Amino acid sequence: MKIRTKLMLSMSILIVFIVMCLFFVTHVQFYIVRDLAYWDEKEVFTGLSQQFEEYYAAHGDSWEGLDRGMGVSTDRDAGAAAAAGTFGNERFFPEIALVHNEQLFYKKGRLELREMRDEAFPLFLKADGKPIGHLYVMSDRQLKTYEFKTMWYGIIPSIARVSLLLTGLVAMIIIFLLSWRLTSPIRKMIKGIDAIKRGDSEAAVFPVRRKDEFGAISRALRDMHESIESLERSRKQLMSDVAHELKTPLMIIQGELELAQELDRPVDQARIASLLDEVLRLTRLIHEVLELSKLEAGRMELRSAAENLADVAEGVIDKVRYLAEDKQIDISLHSPDEPVLAEIEKHRIVQALYNIVSNAIHYTEPGGRVRIGVERQYRADSRKEYALLTIEDTGIGIPAGDLPHIFNRFYRVDDSRTRHGGGTGLGLAIAQQNIMLHKGWIDVHSEVGRGTTFLVYLPMDRVMD
């Protein structure tokens, strides 16, 4: 159902509801006024009831002859008035009806008995505690209200028809303009989505300047579109990077094999070793791409256990010690005497630290220093205690413009140097994903020519008061 149709139906229901409210309010208002009139003039109503009851007693507990005694008396003696069949308070009530055992004994006014029973104020007459009749009365005030109610009920159908006609015409015009105004941003959003489906991103325009819900939806669509475009660029870049990384070792292997085939001679051990290095490089690249894809897709499940991070860091140092000794780099561990425990999957944290530490050694000049620190640190923002691992080197540093990108896939600060060293450009990306898998994060600070410091935070799952 279109918005315009829904608005028309809503407006029609609203008009019907208003008319019903008018009927209801008028009906309720009559009974409120009727009852208020009784309480405002209660003495007059009570006096009339007493006079009828006295008449009943004065005529031998009978209403006989009451219909012949209609009239208005100004006699102050109520007993004499009752004996004569007249009632002093009767002049205040233009409408009176007395009914006992479904028999009408007294009637004054022009209203039908049915109307009196439904609309007049009921007074219950008693003698010696027993009911002797129902007296239905209307004062001037009550009668005028009833007449207004009757008149209103008579003209309201005509008013309703005219109102519905006029309101319908006005409503159609308003709804047409309003629906056009309301659906305008929707049409723009649909056009923008259609443009995206056609692949024409530049034509995708969303009304993001609006401050209402449509503006919020437009901004959400724009952000989603930009996110999709960013993911698409990343996908294309990944394909390009992977193809580029695979191309170089494959070309080397192909060239060596074609040369051996052309010369028709066996491949010597040096060439076999070179080819093996390229094969290992391809294997490592494929393994790391698959590993990173699984991490980014969130398909890894942790098998955590409590580990002392000082022991984990010591194990990493043992793995990279030969790299440091080859470059005469001093590598050391600094940790407190008491264990720094965290729930981790050991081999993933080892992999993350290995990638960071090996990078630190690679970019540190011979004779430099790499320092690994393990400590506890309380974070006031989350009221938690974290295990902090610090990897600090005295290497060449990272330019400020490159710092925001070092965790991107295949990003290299220096392509030629990294390629010469056999890196794939995935090490830091994998390290970051492994740390994030443990609900931690990595910060990095660097100064060109003075070194780089990586700060790895791992939660210790203990909230501090």
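**Reading a helix pair and its core**

Guide: In this predicted model, α9 and α11 pack at an angle of about 145°, with their axes 8 Å apart. Axes here are lines fitted to C-alpha atoms, for helices over the stretch in contact, and angles run from 0 to 180 degrees between N-to-C directions. The crossing of the two helices is left-handed, a term for a near helix turned anticlockwise from the far one by less than a right angle.

Visitor: Which residues make the contact of α9 and α11?

Guide: Contact means heavy atoms within 4.5 Å. An α-helix has 3.6 residues a turn, so residues three or four places apart point the same way. From α9 come Arg348, Ile349, Gln351, Ala352, Asn355, Ile356 and Asn359, and α11 supplies Gly427, Leu428, Ile430, Ala431, Asn434, Ile435 and Leu437. By class, the contact has 8 nonpolar, 5 polar and 1 charged residues. Ala, Val, Leu, Ile, Met, Phe, Trp, Tyr, Cys and Pro count as nonpolar, Asp, Glu, Lys and Arg as charged, and the others, Gly among them, as polar.

Visitor: Is α11 mostly covered or uncovered?

Guide: Buried means under 20% relative accessible area, exposed over 50%, and partly exposed in between (1.4 Å probe, protein chains only). In α11, 8 of the 11 residues are buried, so the helix is mostly covered by this definition. Among them are Gly427, Ala429, Gln433 and Asn434. After α11 comes Lys439, with a positive phi near 65°.

Visitor: Which residues touch the most other members of the largest nonpolar core?

Guide: In soluble globular proteins, nonpolar side chains tend to be buried together. A nonpolar core is a set of buried Ala, Val, Leu, Ile, Met, Phe, Trp, Tyr and Cys residues joined through side-chain atoms within 4.5 Å. The largest has 39 residues, and Leu309, Ile331, Ile391, Phe454 and Leu458 touch the most other members. Elements giving two or more residues include α8 (309-326), α11 (427-437) and β11 (451-463); α9 gives the most, with 8 residues. Another core, of 19 residues, lies apart from it and includes Tyr38 and Phe93.

Visitor: How many helices and strands are in the protein chain?

Guide: There are 11 helices and 11 strands. Helices (H or I, at least four residues) and strands (E, at least two) are DSSP runs, numbered from the N terminus. Of the 465 residues of the chain, 38% count as buried.

Visitor: On what basis are these values given?

Guide: Residues are numbered from 1 along each chain as its sequence is written, and side-chain values use heavy atoms, with hydrogens and water left out. Local features need pLDDT of at least 70 and side-chain atom pairs count only at pLDDT 80 or more, whereas totals for chains, interfaces and linings use all residues.
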